[in-house]
Amino acid sequence: YTRNKRRRSDVAEVVAFLKRFVEERDWAISVMERVLSGDSGFQDGHSGQDLFAPHIEHLQGRPAAALYERILAEVLHGSGGLEVWELEQADGELGLRLSTAEEAAPYFGVINIGDVSAFKRYLSKHLGLEVREDNFRPSQFSAVDHPNSPLYLLIGAKKFIEGWSSWRVSSMGLLNVGKGAGSQIIQLFGRGVRLKGKGMSLKRSAALANESPPAGLRFLETLSIFGWNANYVQAFRRIIENEDLGKTFTLRVRKMDPWPQGGLPVPQPRRDFDPDNLTWVLDADGPLVELDLTPRLQVLLSTTTAGQSTVVDAAGQAYSAQSVDFSQSPYADLLDLEALYLDLLAYKQLRGYANLHLSPQGVEQALVGRCRLRLPPVERTPERVQQAAAQALRTYLDRFVRQKEREAAARQVEPAYLEADDPRLLDEYRLRLRSGPLLAQIESLLQHTLPANDGGEPLPRLHFDRSLFNPLLCEGGKNWRQQISVHPPALNRDEQRFVRDVRKFWAQHHGDAAYKHCELYLLRNLALGGIGLFQRSGFYPDFILWLHNSQTGKTRVVFVEPHGLHHGGLAGNQDKFAALAALKGLSSQPEFRNNKIRLSGYLLTTTPVAQIPDAGGHTESQLEQDYSLCFQGQGYVGKILS
């Protein structure tokens, strides 16, 4: 294209940006800081809100420098200057990588362009980049759609329009593409709206009944389209609006007034604490990793009694399983320890664990001493055992780093006090509705101030006068979930039950001798952007309870996570249990003890013990004693507040 009477290359514009991003660290971090603080310089034409703010809630509050390093490690696979390589075995393809990446490290991006020789000359003349030749690697474009592909960036338009399809597209940037409403642009947009969904349902999580999707999943289910000098993006938005395909509403919450005097205490790392500045050596002192890789089957058993049919959902093992002891023959003889060490080194680099040192001896000690596996006899081949050992070591590595960070952070935490203007608190809900009867009903409802009480559909909600903000929006029925999406997510069934149980308990017992001098406060915590426990664990419990005794000056702070254990079981929630258990140790530190602050946390569950896969015949009381776990039976609210 032409700008100021000079020929320019749109692909080179992107390459120039990437080059500056990786080579001018201070500039990149300063730009990221502005974006993270809501001051990117790009505002919505109607509301004036920063355009990036709604899309990076899960990143706000995190240091820009740490995010920059994670991007280098996890997305760009290294650090250093930008390199461009021509793939001699692939027509029109160039690979992008960083200069200090390992020789065998994969490319992070692929350029597809028609005239490679002209593009190479342009890069040399305008960017000072000399394109190198890669004579060995095949076409990378075919690897883009693999679920574990290391490629995160594609550059070039025609390839995407001409029959290409991928499940992985999450964002598109249009530079000098789409200046008019053409069929090719519609095709291009269509490449990015595909979604497998859970169980290949082709549905987004909001449309699935009785499901509790992971926090932040909606960001992976959303296609973001950015346009530079591409006017059709705005035209496409107008087409959508004219078709009346949906509408977005904002509901401001009402915060508690008056706010608790002096704020409410929460644990917070000291400002000068950065776990990335610490150094750890992998050894066998980490958490035990137990992986059951036995295939399981799910069956429906039908029984008939006195003319009535009953269907029972039953799960079981498809094969008998045997424990794998890596210290004993034949398994010790099957392993290629050097390959396991190299695999773990590559995984460490991808995860950005720059402050973790690995040695072959430490890897072997961790595998033998802390990794337990169960495999069926038919799968105990050398290849499968090697693969399973690598999987166990990767799991161990993640948990080891999180444990070390928790241990370090627990010594560097101090109380902070939550005020009404804290950016980690919810200010508003955003509701997106499809066209239909619900849209008109909710639009009419939101034109007036919502009453301070519970409500059902079309806008299900709870009101609790001890909540730090109201209303607490709730999920409706199946048809409701197909028509509306709420951000942050509305309370699911288990979360609604918890709020109702706390509200009922307080109404019945706030006058009791144990509580008559106490004030109770409840916060529905924001996933990722709210009050978190430990950086790498990334655990943001759903609720926080405060019980403040005005007579003694003591404050009980309870982190609460309602969570089913049908699928992940105890082993699948080890990081959550460890983070919650670490809270109790903080209470003995002088900063908390002197301020009469006691912390604790519980994972709440309605899952019967018999349905927890790895409960191992334990009773509820035994599990509650061994884990930061509380079963939601009779009197459980009093138990967690006691």
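**Entry 1: aromatic pairs**

I began with Tyr-68, which is buried because its relative accessible area is 1%. For burial I used these classes: buried means under 20% relative accessible area, exposed means over 50%, and partly exposed is in between (1.4 Å probe, protein chains only). A note on the source: this is a predicted model, so local features need pLDDT of at least 70 and side-chain atom pairs count only at pLDDT 80 or more, while totals for chains, interfaces and linings use all residues. Residues are numbered from 1 along each chain as its sequence is written, and side-chain values use heavy atoms, with hydrogens and water left out.

I then searched the whole structure for aromatic pairs and got nine. Tyr-68 belongs to one of them, with Phe-21 as its partner: the pair is tilted, at 5.1 Å centre to centre and 55° between the planes. Helices (H or I, at least four residues) and strands (E, at least two) are DSSP runs, numbered from the N terminus. Phe-21 counts as buried too, at 12% relative accessibility.

Next I looked up Phe-505 and Tyr-515, which form an edge-to-face pair with 5.6 Å between centres and 85° between planes. Phe-505 lies in helix α15 (residues 493-509) and Tyr-515 in the loop between α15 and β26 (518-524), so the pair ties together parts that are ten residues apart in sequence. Phe-505 is buried at a relative accessible area of 14%, and Tyr-515 is buried at 11%.

Which residues do ring pairs link into a cluster with Phe-21 and Tyr-68? I found Phe-17 and Trp-27 there beside those two.

**Entry 2: charges over rings**

Trp-27 came up again here: the charged end of Arg-20 sits over its ring, 3.9 Å from the centre. I also noted Arg-137, whose charged end sits over the ring of Tyr-107, 4.7 Å from its centre. To be listed, NZ of Lys or CZ of Arg had to be within 6 Å of the ring centre and within 35 degrees of the ring normal.

**Entry 3: salt bridges**

How many salt bridges does a search of the whole structure find? I got 22, taking a salt bridge as a side-chain nitrogen of Lys or Arg within 4 Å of a carboxyl oxygen of Asp or Glu.

I picked out Lys-120 and Glu-86, whose side chains meet at 2.8 Å, N to O. Lys-120 is in helix α4 (residues 116-127) and Glu-86 in strand β3 (residues 82-87), so the bridge ties together parts 34 residues apart in sequence. Lys-120 counts as partly exposed at 24% relative accessibility, whereas Glu-86 counts as buried at 15%.

Glu-591 and Arg-270 form another salt bridge, at 2.2 Å, N to O. That pair links distant parts of the chain, 321 residues apart: Glu-591 is in helix α17 (residues 590-593), and Arg-270 is in the loop between β12 (264-269) and β13 (280-281). Glu-591 is partly exposed, with a relative accessible area of 24%.

Asp-454 is in the loop between α13 (437-446) and β22 (461-462), so the pair ties together parts 49 residues apart in sequence. Arg-503 counts as partly exposed at 23% relative accessibility, and Asp-454 counts as partly exposed at 34%. I also noted that salt bridges with shared partners join Glu-83, Arg-97 and Arg-132 into one network.

**Entry 4: cysteines**

I looked for disulfides (cysteine sulfur atoms within 2.5 Å) and found zero. Cys-474 is buried at a relative accessible area of 3%, and Cys-630 counts as buried at 0%.

Notes
Phe/Tyr/Trp six-rings, centres within 6.5 Å; stacked < 30°, edge-to-face > 60°.
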